[in-house]
Amino acid sequence: MSQNLIKPATIFTSKPPPICYFLFFIILCILGFYALHFPPRIPQNAALYRQMFLSSGDNYTLYSYLRALTEHPHLAGTKPSLDTANYVKTHFQTLGLETHVVPFRALLSYPLHASVALHFRNGTALKLPLNEVGVSGYAVSGLVQPYHAYSPSGSAHAKVVFVNYGREEDYRTLAVRGVDVNGCIVIARKGDDLGRGAVVEIAEAKGALAVLIYADGDRNRGGFGSGVERGTVMRGVGDPQSPGWPGVEDGEKLGLQLSEVLSRFPRIPSLPLPFETAQIILESLGGGLMPQEWRDSGQSRFSGVGPGPVMLNFTYQGEKKMATIYNVFAVIRGSEEPDRYVLLGNHRDAWTYGAVDPNSGTAALLDIARRYALLMRNGWNPRRTIVLCSWDAEEFGMIGSTEWVEQNLINLGAKAVAYLNVDCAVQGPGFFVRATPQLDNLIFEVTKKVKDPDSEGATVYEKWTTINGVKIIQRLNSVDSDFVPFLQHAGVPSVDMYYGSDFPVYHTAFDSFDWMVNNADPFFHRHLAVTGIWGLLALHLADDTILPFNYHSYADQLKEYKDVLSSFVDNSISIAPLTTSIEELYSAAKQAEDEAKRLKEQEATATSVILKMRALNDRLMLAEKGFLDPEGLKGRQWFKHLVYGPCNNHESKLVFLPGIADSIQESTRMRTEDEQKAIQHEIWRVARAIQRAASALRGGTQLM
């Protein structure tokens, strides 16, 4: 264990040189000056400012921000996207906030041409529509045609096979019926939480020539069946030509033909389809009968899965090109701990108009900036620095946020308190939040202070817990928004929140201001609630003298994961290392909790107390980084977090501890001895990570 690394006798082996005494004296002088001129703020004042923040909310202001942001489509790398960046920058500057624009050069992907046509046995052909029904003037409005970013250009002339959701189990079902997709074009429907990139990846492995993906019509899309979902199919996050380092102007860029870059892209082309076009293709299929369970889940009109008998001609031509993207920041410097950062982030770019995704969140970010500026005019300054982050090119694979995190990795690792993300602030009814567990209690407390937008006289917490029950905070396992580089690469405690679990116009031309007003939030009360929760979380993290982190919640969550894991392994695998390390985290969490309680009871102006608070806060802040492993996840080394991150196998039943989950899934292809070693090794890796977190939380006491 760690106490054996350094023997106590070796710590004080000689008399310190005189320079040490001199440096110690200088440090004491600096600390004395710090304590004299920057005494901790009075808690009552912080409470007043929090109340002022909540009372200054205005739904019409949010309405006006969103209307301005969604006037035009603003795909990353285009002129309208730059205009949106300038709108955010001007807003920050008008409020008098310190504003920065940070550009990066990144490889983006755009469509040039696409066509799909059915060819019948009698020699006739039918060219199928690919754009949204009822949407005209794509070029005039600036709308991009439906496409999959980073799909390779290519053509295919082949029979079609329907593969349901495109899961591995769907291909096994087809194989039992004698259907082989090798050399065919496959058509899949969106669903079952399988991302479009995974659908293409699996189809490629099965020998398919191309992939068509559609979303079920009125049944899932609330009458917006003609909308077509754009999206990326690139693997991983960040600029593919600068993996692991920032894509700055004149910086290193890998060649497009290098295997490391090519491995990020699919090798077969794909396209999204309108629901109506997909129906025409599905109606043409013969071949084997569709399994009953597929028909029961929405395909009862069709009986065949293919292949054929008609042929389909598929063509897609796209281009990958370098573009400049722009991250915009507003900084409110902390008055007492300016070197500690609380970050609030939202991406700005959209596939189309982006009223829900992402500009409902952008409007909330702009309103938080307005409210914070109001607080500053009334004498407030945060204890710690607050950074408002407006990211670019998230839709292409979290590129803007990833490049910035890679550029500032050392500073974030040492100084970032937390990252609070809001992507789609409002999608519909119901509050949802995902977070790292040490933030659970703070989220509960804050939601008790914000009025519920849909229930008179209730708070968000009361409505939320009534509907969802006890297990209401989800975790950040997925790779789907800008929290990914902060948590899964840099180890920064993170939150992601939103209203509404889903919305039918996702990534379509119908994600417009009118849709928001007519469907998701007519009076912008839900926008007001998200803005209140988001901004209030940041105020606590920036102003509380002791960071409101509770690692007992983290230990509880890890224990639950361990208990679930035990049902996935047999007696040849020992989970005792996890049990031991989790107990260490419980002990360290209790120690930190007791210390925080003692410090809060002491006089906060005393220099010794200030030093102890600072040291405790550092430990609370840095403990999350213990879960990082420098080797990263197997085959996905960029992802460093061993508790929260993506599983490599799409069939994994475990959505946590990704390294262990992958080793269990891969064990079916190994000999028994190798299987046991691989799983046990991953268990030990996680156990060591938990021990590192516990050690960081305890601080230096383990050396004594």
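User: Which residues is Glu-631 in contact with, leaving aside its neighbours within four places in sequence?
Analyst: Gln-637, Lys-640 and Arg-685. Contact means heavy atoms within 4.5 Å. This is a predicted model, where local features need pLDDT of at least 70 and side-chain atom pairs count only at pLDDT 80 or more, while totals for chains, interfaces and linings use all residues. Residues are numbered from 1 along each chain as its sequence is written, and side-chain values use heavy atoms, with hydrogens and water left out.

User: Where is Glu-631? And is Glu-631 buried or exposed?
Analyst: Glu-631 lies in the loop between α22 and α23 (658-666). Helices (H or I, at least four residues) and strands (E, at least two) are DSSP runs, numbered from the N terminus. Glu-631 counts as exposed because its relative accessibility is 56%. The cut-offs are under 20% relative accessible area for buried, over 50% for exposed, and partly exposed in between (1.4 Å probe, protein chains only).

User: Ok, Tyr-554 then. Buried or exposed?
Analyst: Tyr-554 is buried, at 0% relative accessible area. Its place is in helix α20 (residues 551-565). The C-alpha atoms of Tyr-554 and Asp-440 are 8.9 Å apart, although 114 residues separate them along the chain.

User: Which residues of α15 are buried?
Analyst: In helix α15 (residues 440-447) they are Asp-440, Leu-442, Ile-443, Val-446 and Thr-447. Seen down the axis, these buried residues fall within an arc of 165°, so they line one face of α15. The arc is that of the directions from the helix axis to the C-beta atoms.

User: Why would they end up on one face?
Analyst: An α-helix has 3.6 residues a turn, so residues three or four places apart point the same way.

User: Switching to strands. How many residues of β12 are buried?
Analyst: Six of the six residues of β12 (residues 416-421) are buried, so this strand is largely enclosed by the rest of the structure.

User: Which strands does β12 pair with?
Analyst: Strand β10 (residues 337-347) runs parallel to β12, joined by five bridges, and Val-342 stands opposite Ala-418 there. Strand β15 (residues 494-499) also pairs with β12 in the parallel sense, over three bridges, with Asn-421 opposite Asp-496. Two strands pair if DSSP finds at least two bridges between them.

User: How many residues are in the largest nonpolar core?
Analyst: The largest nonpolar core has 214 residues, and Leu-108, Tyr-372 and Phe-396 have the most contacts inside it. A nonpolar core is a set of buried Ala, Val, Leu, Ile, Met, Phe, Trp, Tyr and Cys residues joined through side-chain atoms within 4.5 Å. Beyond four places in sequence, the contacts of Phe-396 include Leu-108, Tyr-147 and Trp-351.

User: What is the mean pLDDT of the chain?
Analyst: The mean is 91, and 90% of the residues reach 70 or more. pLDDT is the predictor's confidence in each residue, from 0 to 100. Over residues 20-24 pLDDT stays under 50, and the model has two contacts beyond four places in sequence for that stretch. Residues 30-41 are below 50 as well, with 26 contacts beyond near neighbours in sequence.
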